[in-house]
Amino acid sequence: QVSISRARGISSAALAPSPRLHAMGKWKCSVCLLSWEDKEIKCGACESYKPGLTEDHIAELKAAEERQKQDAIAKFRTPASAVTSTGFSFSAAP
């Protein structure tokens, strides 16, 4: 399997952690090469994870994202028992 960066012809030197970026509290995305604050764990442009994270850590992050997504969806679901009729209708009277 060829990495995206290798397929794009990006040298490993371009992807190496930059001491200057690290000193500034930033990291470089290995996919799109944009720089992000060290506190960010995911690239804001291409959504790739920060280099250096373990597969286990990424799996935990993905699971947490999925839980947040499902929680947000659940907020918009209303149980049928909670819906009450107001008597208003868009249909014309016969």
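Colleague: What should I know before I start?

Modeller: The model is predicted, so local features need pLDDT of at least 70 and side-chain atom pairs count only at pLDDT 80 or more, while totals for chains, interfaces and linings use all residues. Residues are numbered from 1 along each chain as its sequence is written, and side-chain values use heavy atoms, with hydrogens and water left out.

Colleague: How many helices and strands are there in the protein chain?

Modeller: Helices (H or I, at least four residues) and strands (E, at least two) are DSSP runs, numbered from the N terminus. Here the protein chain has four helices and two strands. Read from the N terminus, the order is α-α-α-β-β-α.

Colleague: And what share of the residues is buried?

Modeller: Buried means under 20% relative accessible area, exposed over 50%, and partly exposed in between (1.4 Å probe, protein chains only). In this protein chain, 13% of the 94 residues are buried. As for surface, areas come from the Shrake-Rupley method with a 1.4 Å probe, and for residues only the protein chains shown count as cover. The protein chain exposes about 7800 Å², with carbon and sulfur atoms supplying 56% of that.

Colleague: What do the contacts say about residues 24 or more positions apart?

Modeller: A contact means heavy atoms within 4.5 Å. Of the contacts in the protein chain with a separation of 6 or more, residues 24 or more positions apart account for 6%.

Colleague: Now salt bridges. What is the count?

Modeller: The rule asks for a side-chain nitrogen of Lys or Arg within 4 Å of a carboxyl oxygen of Asp or Glu. That gives three salt bridges. Let's start with E37 and K26, whose side chains meet at 3.9 Å, N to O. E37 lies in strand β2 and K26 in strand β1, so this pair ties together parts that are 11 residues apart in sequence.

Colleague: What else can I find around K26?

Modeller: Not counting residues up to four places away in sequence, K26 touches L21, W36, E37 and D38. K26 counts as partly exposed because its relative accessibility is 26%. E37 is partly exposed too, at 39%.

Colleague: Which residue forms a salt bridge with D38?

Modeller: That would be K50, with the closest N and O atoms 2.9 Å apart. Both residues lie in the loop between β2 and α4, so the pair ties together parts that are 12 residues apart in sequence.

Colleague: Is K50 buried or exposed?

Modeller: K50 is buried, because its relative accessible area is 18%. D38, at 32%, counts as partly exposed. Leaving aside neighbours within four places in sequence, K50 is in contact with W27, D38, E40 and I41.

Colleague: Which side chains meet in a salt bridge at 3.1 Å?

Modeller: Those of K42 and E65. K42 lies in the loop between β2 and α4 and E65 in helix α4, so the pair ties together parts that are 23 residues apart in sequence. K42 is partly exposed at 23%, and E65 is partly exposed at 32%.
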